[in-house]
Amino acid sequence: MDRFVDLVVSAVLLAGLYATMAYGLGLIYGVLRVVNLAHGGVIMVGAYMGWILHGWLGLDPYLAIPLVVGATFLLGVVTYRVLVRHLPRGAAGGPASLLLLFGVWLVLRNAAYLLFSGNDQTIRTAYSTRAIPLLGSYVSVNRLAVLAIAVVTPVALHLLLKRTYLGRAIRAVAQNADSCTLVGIDVERIYTITFGLGTALAGLAGLLSATIFSFNPGFGSGELLKSFVVVVLGGLGSVFGTGIAALVLAVVEVFAILVLPSYLTAAVGFVMLVLVLVFRPGGLFGQRVLG
């Protein structure tokens with residue numbers, strides 16, 4: 001029973017991180033219909049920004065969240081305005097956007113190799129090794145903090161999309177950009193802000209990951225693949241579905257260690273992805289427009 005409780009707690013904590021990694025990818029695809037392959041590179045950038053702010057300036061990684069989110073938002077805005085907005089829209093722009101954003105990811109990764117070498121880095125704080133009792137087991141303070149932020153993030157995103165003029169404009173553009181132009185909505189501005197928000201969420205995920213795991217310039221590739229699994233599993237464009245899919249993936253991966261060798265558990269998520277694409281292409285909750 002104790003082992004079962006430990007696995008459940010671990011799955012919930014891991015689900016929070018998976019959901020945070022996937023929200024930015026799902027948001028950008030839901031509005032722009034662009035698969036952002038630079039997502040993994042931005043996760044790596046967020047990790048290094050947190051490491052720099054903590055190691056060089058002594059700023060606590062959680063207090064650095066506004067700076068990292070703001071900087072990666074600007075990175076997303078610049079990326080969209082300089083590169084992405086010039087791509088053709090629709091199906092014709094699909095291969096071009098994939099190649100372009102993959103190239104951006106390679107640039108970010110190689111820049112990190114030049115600046116920081118390929119050595120693994122970690123963010124160590126005074127509470128990194130602390131744990132508190134929870135349901136009969138001990139849980140890292142960092143993992144609880146990540147879970148708390150992972151709960152707040154979708155709530156804030158939901159309120160933004162449902163309760164603000166900007167959010168309503170984003171949802172309208174996601175449904176029909178041409179009609180939005182007719183009623184005076186600046187579609188390019190909405191695309192720019194959305195790409196910035198999605199990129200900022202990736203930067204946040206990178207910072208949170210860096211408080212738990214070690215990282216290097218290659219960091220983000222596995223996280224990108226996990227984000228794909230979560231977004232497709234939950235339904236493209238579904239904020240609620242993304243959170244539930246993250247929990248499903250985490251539970252399956254964590255409990256897979258009971259029946260599979262540890263080196264095979266990472267493949268479980270991709271098996272799920274293949275099964276969903278074959279039997280339910282719209283995801284568990286169907287394709288929605290930021291629902």
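A surface patch here is built from residues with over 30% relative accessible area and no salt bridge, with like charges joined within 9 Å and nonpolar side chains (Val, Leu, Ile, Met, Phe, Trp, Tyr) within 5 Å. A salt bridge is a side-chain nitrogen of Lys or Arg within 4 Å of a carboxyl oxygen of Asp or Glu. The model is predicted: local features need pLDDT of at least 70, side-chain atom pairs count only at pLDDT 80 or more, and totals for chains, interfaces and linings use all residues. Numbering runs from 1 along each chain as its sequence is written, and side-chain values use heavy atoms, without hydrogens and water.

Phe 4, Val 8, Val 12, Leu 247 and Val 251 make up a nonpolar surface patch with about 350 Å² of accessible area together (Shrake-Rupley method, 1.4 Å probe, only the protein chains shown as cover). Helices H1 (2-32) and H10 (239-256) each give two or more residues to the patch, and H1 gives the most, with three. Helices are DSSP runs (H or I) of at least four residues, numbered from the N terminus.

Gly 24 lies 7.0 Å from Leu 197, C-alpha to C-alpha, although 173 residues separate them in sequence.

Helix H2 (residues 39-55) packs on helix H3 (residues 65-82) at about 140°, with axes 10 Å apart. H2 is therefore oblique to H3 (under 35 degrees is roughly parallel, over 145 roughly antiparallel, 65 to 115 roughly perpendicular, the rest oblique).

Methods. Axes are lines fitted to C-alpha atoms, for helices over the stretch in contact, and angles run from 0 to 180 degrees between N-to-C directions.
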